[in-house]
Amino acid sequence: MKDKLQQIIDKAESELNSITTKPELLNAKSRIIGKKSELNSLMKNIKDVAPEDRREFGQLINEAKDYLQQLIDSRTQIIDELIYNEQVASSRIDLTMPGRRTVQGGLHPLTQIWREVEDTFLSMGFEIADGFDVEDEFHNFDALNTPKDHPSRNLADTFYVEDNILLRTQTSTVQIRTMENYQPPIRIIAPGRCYRNDKMDASHSPVFHQVEALVVDENISFADLKDTLNIFVQTMFGQNIKSRIRPHFFPFTEPSAEIDISCVSCGGSGCRICKNSGWLEMGGAGMVDPAVLESVGIDSEKYTGYAFGLGIDRITMLKYNIPDMRILFENDLRFLKQYR
Ligand code: DAH
């Protein structure tokens with residue numbers, strides 16, 4: 001019996017010594033101490049052993065089993081080390097290799113100005129309102145008092161998705177959406193994308209960006225509009241920049257005006273950028289037409305309001321001295337990197 005155990009141990013030792021992989025080791029383990037192992041069948045024979053010898057018999061087998069388990073454990077350790085060393089060897093780090101530079105991204109100049117515009121109006125007590133790029137004719141035209149036969153409704157000017165549904169041509173849609181949902185006092189801006197069926201050139205793009213402003217309350221006057229515009233323009237472009245308004249027409253404002261600012265390049269004396277006029281066009285403005293207020297159920301006897309819409313692309317081009325609008329949409333990294 002002792003011989004038999006020694007035989008088992010000898011065999012296990014030599015078997016284990018030649019093993020170098022985990023799967024082999026698992027197989028050997030079940031062969032050596034598993035249910036179907038020689039050792040286990042010896043254990044089953046205990047019933048044939050004389051009662052007085054059984055104790056010693058059991059003890060011997062258990063000792064052998066413990067020893068075999070130790071052998072397996074130490075082999076496991078050796079194999080783990082082997083595997084680890086192999087991994088280290090195959091992934092050795094070369095500390096002399098030159099580093100790889102990760103390229104840091106940055107915000108698109110339009111996004112930077114968009115945020116600066118938002119911050120400026122937020123600091124003046126405005127809130128930011130949101131609308132939809134895909135709109136219906138009601139919010140883009142009807143509610144903004146635009147006649148059914150107005151040329152801007154034309155297919156040549158507006159992208160229609162289907163009957164009645166279009167890509168908004170102006171952020172003025174958000175005026176309507178806001179007034180439908182909130183009662184005065186209202187003081188919001190709405191920056192966003194707009195779409196028009198325009199050919200792309202140095203100052204036009206079928207996709208462009210506007211920021212709309214709407215203030216409705218009691219006793220709001222043209223002076224408030226002028227004042228707000230002045231503060232905005234001076235915050236964005238500097239204290240020396242003036243704004244002016246010229247009479248104009250928009251269906252949704254009465255009276256309406258166009259907004260100019262003194263040329264940010266020459267300061268007003270006349271240059272190539274302002275085409276020698278000393279002024280640059282920035283957008284449209286006016287007092288909200290009472291018909292628009294009534295179309296969304298706001299009492300136009302009690303409340304008045306002003307609104308304006310400015311081009312964010314235009315502001316960006318002026319602030320960063322970008323001569324051609326197309327550059328803003330080409331995503332040429334050589335250009336974008338300058339504005340990181
Ligand atoms: N929506 C006009 C446009 O795209 C700009 C504009 C003019 C907005 C007058 C206004 C406004 O809010 O009062 O040309």
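How far is a nitrogen atom of the ligand from an N or O atom in the side chain of S172? The separation is 3.0 Å, which falls under the definition of a polar contact (a pair of N or O atoms within 3.5 Å; within protein, one must be able to donate a hydrogen and the other to accept it, and residues adjacent in sequence count only if both atoms are side-chain atoms). This is a predicted model, in which local features need pLDDT of at least 70 and side-chain atom pairs count only at pLDDT 80 or more, while totals for chains, interfaces and linings use all residues. Residues are numbered from 1 along each chain as its sequence is written, and side-chain values use heavy atoms, with hydrogens and water left out.

One oxygen atom of the ligand is 2.5 Å from an N or O atom in the side chain of E212. For F308, a backbone N or O atom lies 3.3 Å from an oxygen atom of the ligand. Taken alone, the ligand exposes 360 Å², and the protein buries 91% of that; accessible areas come from the Shrake-Rupley method with a 1.4 Å probe, and for residues only the protein chains shown count as cover.

The shell around the ligand has 15 residues, the closest being Q170, S172, R196, Q210 and E212; a residue is near a molecule if one of its heavy atoms lies within 4 Å of it. By type, the shell divides into five nonpolar, eight polar and two charged residues. Here Ala, Val, Leu, Ile, Met, Phe, Trp, Tyr, Cys and Pro count as nonpolar, Asp, Glu, Lys and Arg as charged, and the others, Gly among them, as polar. At least two shell residues come from each of β6 (207-217), β9 (279-288) and β10 (304-311). Strands (E, at least two residues) and helices (H or I, at least four) are DSSP runs, numbered from the N terminus.

At the level of the whole protein, the domain assignment gives domain 1 (2-90) and domain 2 (109-339), with bounds from an automatic or database assignment. Their centres, taken over C-alpha atoms, are 84 Å apart.

Strand β8 (residues 253-262) contains S262. With a relative accessible area of 3%, S262 is buried, where buried means under 20%, exposed over 50% and partly exposed in between (1.4 Å probe, protein chains only). Leaving aside neighbours within four places in sequence, S262 is in contact (heavy atoms within 4.5 Å) with N240, I241, K242, G278, W279 and L280. P255 is also found in strand β8, and a cis peptide bond with omega of about -5 degrees joins E254 to P255.

The bond from P184 to P185 is cis too, with omega near 0 degrees; P185 is in the loop between α7 (173-181) and β5. The loop between β5 (186-195) and β6 holds N197, which is partly exposed at 33% relative accessible area. Beyond four places in sequence, N197 touches L155, A156, D157, T158 and F159. A polar atom of the N197 side chain lies 3.1 Å from the backbone oxygen of L155.

Two asparagines have positive phi. N219, in the loop between β6 and α8 (222-237), has phi near 60 degrees and is exposed, with a relative accessible area of 70%. N321, in the loop between α10 (312-320) and α11 (327-330), has phi of about 60 degrees and is exposed at 58%.
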